[in-house]
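Hi there,

The sequence and the structure are just below, and after them I have written up what I found.

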Amino acid sequence: MASYKPVVVQSFPKLGEKITQDTLYWKNYKTPVQIKEFGAVNKIDFSPIPPHNYAVTASSRIHIYGRYSQEPIKTFSRFKDAAYCATYRDDGKLLVAGSEEGVVRLFDINGRAALRQYDGHTKAVHVVDFLSDKYRIVSGADDYTSKLWDIPSATEIVSYSEHMDYVRCGCTSKLNTDLFVTGSYDHTVKVFDVRTEKSVMTVEHGQPVESVLLFPSGGLLVSAGGRYVKIWDILKGGQLLVSLKNHHKTVTCLCLSSSGQRLLSGSLDRHVKVYSTASYKVVHSFDYAASILSLALAPEDETIVVGMTNGVLNVKNRKHEESKERLPKKKRPGYRTFVKGRNYMPKQEDFFVSKPVRSHLKKYDKLLKSFQVTKALDVVLEARNRTPEITVAVMQELNRRGTLQNALAGRDETQLSVLLAFLIRYVVEPRFAPMLIKVAEMIIDIYLPVVGQSAVIDKQFLRLQEIIEKEIDYQTELLEVLGMMDALFATMTKKKATSLEENKTNGILRVLEQATSN
Amino acid sequence: MQLYSCSLDGTIKLWDFTDGILIKTFLVGYKLLAFYTLAGSEDSVFIIIPKKIEDFLDWFQLVSVKLPKTPDQEVEAKELSLILDDIGQSPKCTAFGREGEYVASVRGLHLLVYFFKKKKVNRFPLSATSRKGANNYFTCVACHPKEDCIASGHKDGKIRLWRNFNHKREYTFSTLHWHHDVVMDLAFSVEGTSLLSGGVESVLVQWRDGSDYRKEFLPRLGSTIEHISASPDGTFYCTSHTENKITIIHSNLSVSAVIQGLVKGSDVKTGLVVDPRTKALVLNGKPGHLQFYCLQTDKQLYNLDIVQQEYIHQIGLNQVDLVKAAFSAQGNWLATVEQREEKETELELQMKLWNYDEQTQSFTLNTRINMPHEDHVTALCFRDTDELEDGTPILVTAGNDGRFKVWVLVNDSDSEKQSMGWSCDFVGSYHNYPATNCCFSEDGSLLAVSFEETVTVWNSDTWDLICTFCHPPGRIQNLCFGRLSCSKYLLGTTDNGFLCCWNLLTCALEWSAQLNVMVLQPDPLSENIAAVSRLLEGSDLFVFKPNEPRPFYIQRNVCRERVQWAVFIPRDVPDSTGSEKHQWLSRSQLYFLTETQDLLTFSTKSAEERLTPSSKQLAVEESLPMTPFSLLLGKHRHQQRSKENADLDTAVVQSHLPQDSPAIKELLHTPAHVLPSASFLCSIFINSMLISKENKSAGEVVDEVEMDSEKAEDESDEDLELTEMEQDINPTEFLGEITETKLSKYQEKQLRKIRRRDYSWVAAL
């Protein structure tokens, strides 16, 4: 015969972002460390060699931090004005930085004074980088030029002045020793081959370019400027692959995860977005306190460092699963005890008596099965409100059985107070509201004659009333907003959209409802 | 083993129930309401009859009847003697005690005990109500088989065990109380050690030793227990239930077998739906379940639990109703809508979408949608995507809230798990009128939705409104598209008695007819559309094609009740034997359900044919010893009959496949030494082999339309009722009679022709 059917607990679709592998991965960082710098942080660069220290350029200083240190290990402060774009060489021994006065300086990591100084730019140098042959430096400056320098001799090899505006970003190819890219405020990104006199490729970004990035394969170019992040296919001659518009303020910095699977973009809108480089969809997003200027990821994504306009450096280190100290195992019965008789193969002449599978019922189901309605309700109310779905499901079941009134009645002060506390907490939640309003009505009907006997209960009743009144106000406001929007849509829509409109407004209403109720 | 049966027509019949032979009929002449026999007295039985024959007042008597011992088949039994007067009419209200010493009967608030030896009646009254609000009315009674003990069931669920009742004053009773509602039936086990009781709760309670503490339960038997009985050998109990079910239960309270017919539940709200996979009829079954009922075998295939909630058997409880069900074209998806209406304003709706799982061979829940509409869902339909297998299924629901919603299957799987779910794709409305019906055209390109008095047609790709029809004012009740060659027509019926057909190409009304159509059902395999109309009394069936306003088949008065639902069930093998008149039944068969939950169908087969596999006559014939004499006699009779109405016979034979014609069977299966001469057999044999081509060419048809009405409550085929219906307007009927003689001449000629041929091979058989 059919067995007892347990109460169906409705599962509601999770609102907001779904939990994916990405969210798990990107959330697995410790609480951030905040370090106050002297000015806006314009560049963060990780040393390519362990222990992966990072250089932070802010104001007129360059600080080198260790991974877990909150104090700088080393400081380079030989700048008269702001320093820009301190960048490590591939071997992690040299550091190059531009400056407001137009001078590019080269530092030894262990030294203090500049090893070399490259003069030639007439205005602030905002971008410098090593070519991958390690012996040349690329720099871009506000005098619209980008220059190539020979490190040992400190001489200018070539100068390009193709940009029509400030050159504010650039990067060098890791594969080709002669290739580099610069982005400028003239809305273009240019690819240069140092063996030629002119740029080899120009792509039109459409906005002042704030950051450029080459994929490790060298085939794809990412440019950020305005609210857009654009991916270009270099091998196809600079064809636009995809244009991403996920920020609502200027995107200032770009960064690739160490696997190359994810692209990160930081923006003045205080968000860092993580894109999948396969689908170019946002898979995760970080929020920060201030507008983001610079962003860097340590190798293996061990650390995320974000520099902001207010001079705060936000450092997040990855959590590591410390293998928990195994408790000494209790002496348990051996394996043989458990398999005893279970691996017996029935012989031909054996009768096979199957043991019925015992279904395990929850406590409330057991009580409901034996029609102990008040106890069942008590059990689900006791559950510390961690699973309001179950509580409401049991209430619904009781209502269906017509015994909700019985279950609610006859409670003493403490029991009633638990019930009211639950109501106060969840009555306005849209998914529970229909049922809980009914419960509230019943409680009021039942306990009306005894109101005024207990201060605790009276207080809770008042609180409930307050919450409900507030909710009614919200709803009226929402309806007003909806009315306004309907009017707007009505003026906007043409003949075709008559039916689509309803869909939209419904959706917006729902979103708004969620926003207010949460 | 013999069996008595009594009926309201005033006869008691004695049967040999293993063979199914009627042995004797006793005529009593009263309406017999209940019937009892005692082991001790073979020659007299006890019956309950109304006091007067004509007056059907609430006055019944228990009388004993002496059954005369005469060899005749029909005997009049007039020797009645009154035992108890003014008793309950239900058989459950009277019980005979230990070895027939006394009889106990209950009515209202009285227990009457009649002692046969002392010829004395003891009357034990109970007060109507007690302080605790008990309801002491008696409902049933049972007597202990070994002791002087009577158990009585009461309306408030109490069971009283009466003892010492041969004293008028010093009687005692003890009370057992578990049931919260009426005790429907009581039964003692054979030894009397345990008492069984059952009621609305559908729990069989076994009380041991009449003690309140030693009780055992068998819960969740499905529906209200109506009757309980214990087998004489004590191994089995048997309960019968309101939902057309008998449960056989082991004496250790474990279910041994369930005999289940078509569940006759409450109102059939889902209508009749065909499962495209099994071709089973799907409709409301047990509460909250869909039953899959195989029409060919008259068996329930399985029950699909839709609501998935514990059913509380309690009268007056607001249960969740399953109101809508629809299958996708291939049967991969099933959509169901359940609702629960507490008050006018409080409506709980849930739509569930079920996916057919090939591995488990059953439907699994895929998506559950709470409140798909804000008001009742009036219709739902799938878009048939026959041609493109990979086309995403689309479901449309229409609701009283003035919307129709389009639901699509979306892939919301992410990197970890594959999952498909349904979500709303489009919401459409038309001036906020309640949407009453929706249906897709055959190719799925158009969706028609009716809003009150207007039919709207939508493009199913872009969901644009294409056109509206609102010709005759009146609420649209049914809506369907034409099929195949008539797919350019859209049909609708209104509540003020119009059937309209619109042409979708010209967007104009093609024709309309004044017909109060209750049910409009298109045949999925042909252009035919069946409409059942209702006038003042009786329902009429019209079958027509949308391109022709004149129906090609009319059947007046198909049944007296209102027809609620109808459905065409595709045949596995197209039936080509049907006459021209029944051509419309060749590919699918029409079933319809009336208000009283009778499931009826149209059959092309003749009455005889319908009967042969199922009738009891067959059983009788088989049980008779097969003597050569009976064979010969039977053959002779058969031949005579065939001579008498040759044409009718050939018509019957014609629809048979030649192999299973009785004549050939006999010829092949009887031993050669008992066969009559070949010349004697020849004509029968030839007759049976005749392919009645000439019948058709002559336009001869069997004019009766046979309708087997499978009463829904009837269990098996033996209860099949057969009603023959004369058609009142049928000119071919007379034609058939006129051509009869000519035909036989023609046949004779044919026969003669055939006889000239060489039949030596017959002898070789």
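In strand S20 of chain B, B:Leu218 is the residue that stands opposite B:Leu204. The two strands involved are S19 (residues 204–208) and S20 (residues 215–218) of chain B, which run antiparallel and are joined by four bridges. Together S19(B) and S20(B) make a hairpin with six residues between them. In the turn you will find B:Asp209, whose phi is positive at about 55°. Please keep in mind throughout that this is a predicted model.

Further along chain B there is an open sheet of four strands, in the order S37-S38-S39-S40, with antiparallel pairing. Strand S37 (435–440) and strand S40 (465–469) of chain B are at the edges and have a single partner strand each, so one side of each has no neighbour in the sheet. On average, neighbouring strands here are turned by 20° against each other, direction ignored. Looking at one pair, strand S39 (residues 454–459) of chain B runs antiparallel to S40(B), and four bridges join them. One residue pair to look for is B:Val455 with its bridge partner in S40(B), B:Phe469.

How far can you trust chain B? Its average pLDDT is 77, and 78% of the residues score at least 70. Two stretches call for care. Over residues 610–624 of chain B the pLDDT is below 50, and this stretch has twelve contacts in the model beyond near neighbours in sequence. The pLDDT is also below 50 over residues 694–741 of chain B, a stretch with 92 contacts beyond near neighbours in sequence. Where pLDDT is low, predicted coordinates should not be read in detail. For the model as a whole, the scores are ipTM 0.71 and pTM 0.66.

Now for where the chains meet. On the chain B side 31 residues are in contact with 26 residues of chain A. The area buried between chain B and chain A is about 2400 Å², and carbon and sulfur atoms give 43% of that. Three residues, B:Arg220, B:Glu310 and B:Arg368, supply 23% of the area that chain B buries against chain A, more than any other three residues.

Turning to chain A, its secondary structure comes to ten helices and 28 strands. Of its 518 residues, 48% count as buried. Among contacts in chain A with a separation of 6 or more, 46% are between residues 24 or more positions apart.

Which residues of helix H4 (residues 373–382) of chain A are buried? They are A:Val373, A:Ala376, A:Leu377, A:Val379, A:Val380 and A:Leu381. An α-helix has 3.6 residues a turn, so residues three or four places apart point the same way.

A few backbone details in chain A are worth a look. Most residues other than glycine have a negative phi, and most peptide bonds are trans. A:Pro50 and A:Pro51, however, are joined by a cis peptide bond, with omega about 10°. A:Pro51 is in the loop between strand S2 (41–46) and strand S3 (54–58) of chain A. A:Ala154 has a positive phi, near 55°. This alanine, A:Ala154, lies in the loop between strand S12 (146–150) and strand S13 (155–160) of chain A, and A:Ala154 is partly exposed, with a relative accessible area of 25%. A:Arg270 also has a positive phi, near 70°. The loop that holds A:Arg270 runs between strand S23 (262–267) and strand S24 (271–276) of chain A. With a relative accessible area of 43%, A:Arg270 is partly exposed.

Last, the cysteines. How many disulfides does the structure hold over all chains? The count is zero. For A:Cys255, the closest cysteine sulfur is that of A:Cys253 at 8.2 Å, which is too far for a bond. A:Cys255 counts as buried, at 8% relative accessibility. B:Cys381 is in no disulfide either, and its nearest cysteine sulfur, in B:Cys438, is 3.6 Å away. B:Cys381 is buried too, with a relative accessible area of 12%.

Best wishes

Methods. Residues are numbered from 1 along each chain as its sequence is written. Chains are lettered from A and ligands numbered from 1 in the order in which they are written. This is a predicted model: local features need pLDDT of at least 70, side-chain atom pairs count only at pLDDT 80 or more; totals for chains, interfaces and linings use all residues. Side-chain values use heavy atoms; hydrogens and water are left out. Two strands pair if DSSP finds at least two bridges between them. Axes are lines fitted to C-alpha atoms, for helices over the stretch in contact, and angles run from 0 to 180 degrees between N-to-C directions. pLDDT is the predictor's confidence in each residue, from 0 to 100. Contact means heavy atoms within 4.5 Å. Buried means under 20% relative accessible area, exposed over 50%, partly exposed in between (1.4 Å probe, protein chains only). A disulfide is a pair of cysteine sulfur atoms within 2.5 Å. Buried area is the accessible area (1.4 Å probe) that two parts lose on being put together, summed over both.
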